[in-house]
Amino acid sequence: ETFHDDPLRVLRAIRFCVRLDFTLHNDIVQAAMSKRVHHSLHVKVSRERVGKELEGMLTGKHARPGCALDMIAELHLAGSVFAFPGSFPGDTGHVFGP
């Protein structure tokens, strides 16, 4: 429920996991792989905020971009993280205005 309420937490978990060389707990992995969480990440979080988390994963001290991208792929999050607004069912986001 926590990841559905604030889906950006999934990306933060990946960022901290990769930077600190941790392993995600299985409960977090299962929640992060939920289609409901993927949809929430896409429709509730602005592309700018997703971009900031990605930037944090891919750059800076202790960044391991390959590991971060692998984890995004393993959790089946790439479609949500790299999707265009309006590309999910029920997403009313518009790319060029209303």
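**Exercise 1. Work out the order of elements along the protein chain, from the N terminus on.**

Step 1. Read the elements from the N terminus: they run α-α-α-α-α-α-α.
Step 2. Count them. The protein chain has seven helices and zero strands. Helices (H or I, at least four residues) and strands (E, at least two) are DSSP runs, numbered from the N terminus.
Step 3. Know the source. This is a predicted model, where local features need pLDDT of at least 70 and side-chain atom pairs count only at pLDDT 80 or more, while totals for chains, interfaces and linings use all residues. Residues are numbered from 1 along each chain as its sequence is written, and side-chain values use heavy atoms, with hydrogens and water left out.

**Exercise 2. Describe the protein chain by burial, contacts and surface.**

Step 1. Take burial. Of the 98 residues in the protein chain, 36% are buried. Buried means under 20% relative accessible area, exposed over 50%, partly exposed in between (1.4 Å probe, protein chains only).
Step 2. Take contacts (heavy atoms within 4.5 Å). Among those with a separation of 6 or more, 73% join residues 24 or more positions apart.
Step 3. Take the surface. The protein chain exposes about 6000 Å². Carbon and sulfur atoms supply 59% of that area. Accessible areas come from the Shrake-Rupley method with a 1.4 Å probe; for residues, only the protein chains shown count as cover.

**Exercise 3. Check the span of helix 5, then find which residues are buried and what covers them.**

Step 1. Compute the span. Helix 5 covers residues 47–58, which is 12 residues. The expected span is 1.5 Å times one less than the number of residues. That gives 16 Å, and the end C-alpha atoms are 16 Å apart, which agrees.
Step 2. List the buried residues of helix 5: V50, E53, L54, G56 and M57.
Step 3. Look down the axis. These buried residues fall within an arc of 160°, so they line one face of helix 5. The arc is that of the directions from the helix axis to the C-beta atoms.
Step 4. Recall the helix repeat. An α-helix has 3.6 residues a turn, so residues three or four places apart point the same way.
Step 5. Turn to the other side of helix 5. There E48 and K52 are exposed.
Step 6. Name the cover. The buried residues of helix 5 are covered by parts including helix 2 (8–20), helix 4 (35–44), helix 6 (65–74) and helix 7 (78–81).

**Exercise 4. Find the buried side of helix 6 and its packing partners.**

Step 1. A68, M71 and I72 are buried in helix 6.
Step 2. They cover an arc of only 100° around the axis, which puts them on the same side of helix 6.
Step 3. The buried residues of helix 6 pack against helix 2, helix 5 and helix 7.

**Exercise 5. Trace the salt bridges around R12.**

Step 1. The structure holds five salt bridges.
Step 2. Begin at D6. R9 meets D6 at 3.4 Å, N to O. R12 also bridges to D6, the closest N and O atoms being 3.6 Å apart.
Step 3. Follow R12 to E53, at 3.7 Å, N to O. R12 lies in helix 2 and E53 in helix 5, so the pair ties together parts that are 41 residues apart in sequence.
Step 4. R12 is partly exposed at 27% relative accessible area. E53 counts as buried, at 8% relative accessibility.
Step 5. Salt bridges link D6, R9, R12, R15 and E53.

How values were computed. Salt bridge = Lys/Arg side-chain N within 4 Å of Asp/Glu carboxyl O.
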